[in-house]
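Open the model in your viewer and keep the selection tool at hand. Each stop says what to select and what is there.

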Amino acid sequence: MGNEDHSHFSGGLTLTENDHGSEQSALSESTGNEQSTVKLRVFRYKNLPKDDTSAPSTSFDTFQVPISNGTTLLDALIYVKEKLDPTLTFRYSCRMGICGSCGVNANGKEKLACKTQVKDLGENIEVRPLNNLSLIRDLTVDFKPFIEKNVKVKPYLVRNDVDVDGGFNREFRQTPDELNQYLMFANCLMCGLCYSACPTNATDELYLGPQALARAYRYIADSRDGGQLERIEIVDQEHAAWSCHFAGSCSDVCPKGVDPAFAIQQLKALALRKQGLLKRKKPSPLVERPRESVNPV
Amino acid sequence: MRQSRLMLLQYLTGLGILALGSLHFALLSFAGGGYSNAIQFASVLSVYTTFGVLFELFLVFLTWHIFYGFRRVLCELHQGRRYESTVTWAMVIIGGATFLWGTRTILIFLGVLH
Ligand code: SF4
Ligand code: FES
């Protein structure tokens, strides 16, 4: 493993470049198809104590990683961790685009590492953590503000007529058309890619962000929900829907095809209508129980 | 106040500026038959005195649009309760002074003030 140090300064932080060679591995043996190598330049960050000046807190490490057809960016990162540098830190869980935990910035664009083919990124790949969230270590960022903003918009069905807490075990009536009103927005994984890509989030740390706003719209558009006025009240404040400048980068990077930019414009329209025209919608009724229930509750 | 109200005002004043600005441009360029006549001192003054009320409206639209817009830009660049209230008050004071100075000018060309 050859290490080379090129220290330079960037934005007041010392950045170091380290080169790590590859070890031909089981990665290619297991797939058995044509193999090549890519250069993975990975952002590194250590949260050192303030008085520790022995090493720079941020750096880039470069790794040579063998790839073959089907190698994902997450496979490449796991390869680095298993074979070249066990200290590399990143999040993942499902490896199939479902849990939303493996979001990174690859070659300047937000992606789910497990859903991204390395071959689509070229031979030189730069991997950075998501933007607009504070760093924990290497590629992991702190999602706390992101989650808190999601909670602010009441991401659950609000019903004032029935108690949906605890042992609630009934269904609300909903037609396929009503389902389609919000289905796209219900696909959100909470991966945070949109939050990282959003230019408003970059300067306004109080801005709710595309995910939370799309989540608010998801429930407002749900025929079973009765909390639309409360939610419009929340999104019709400063640092919320009206701070969106419609850059559209959130919708561009979303790995699940959610369109937060559209949802935010819908929220603005609803907030304007609320000035007088919008009435509290009547949420859909409960589905009646079958007369002779096999398993009565 | 709710953001939608403030933003509605922002959009409406924007449209008002577009409409009155175009009128202003048209009057000052072509009133009195052609550009060379329109820029004569007397015809400029007559436009000003005839449309004084519209100028005042134009000033209202401009003052709101510029200073509320500027406040929003500043509050997107930096946050904090104290910072935001300082920016708000700064915009109210500077905007208010601009409006008063503009009104004074309009009243002077209308002959109300000397
Ligand atoms: S809207 Fe898309 S990009 Fe944003 S958190 Fe949800 S799944 Fe991720
Ligand atoms: S590891 Fe779960 S979405 Fe990538």
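The tour goes from the ground rules to the chain contact and then to the ligand.

This is a predicted model: local features need pLDDT of at least 70, side-chain atom pairs count only at pLDDT 80 or more, and totals for chains, interfaces and linings use all residues. Residues are numbered from 1 along each chain as its sequence is written, chains are lettered from A and ligands numbered from 1 in the order written, and side-chain values use heavy atoms, with hydrogens and water left out.

**Stop 1: the chain contact**

Select chain A and chain B. Their contact (heavy atoms within 4.5 Å) takes 16 residues from chain A and 14 residues from chain B. The chain A side divides into 4 nonpolar, 6 polar and 6 charged residues. Here Ala, Val, Leu, Ile, Met, Phe, Trp, Tyr, Cys and Pro count as nonpolar, Asp, Glu, Lys and Arg as charged, and the others, Gly among them, as polar.

Now select Glu238(A) and Arg71(B). They form a salt bridge, with the closest N and O atoms 2.8 Å apart. The rule (a side-chain nitrogen of Lys or Arg within 4 Å of a carboxyl oxygen of Asp or Glu) finds 2 salt bridges across this interface.

**Stop 2: the ligand**

Select ligand 1. Which residues are around ligand 1? Among them are Cys188(A), Cys191(A), Cys194(A) and Cys254(A), counting a residue if one of its heavy atoms lies within 4 Å. This shell divides into 10 nonpolar, 2 polar and no charged residues.
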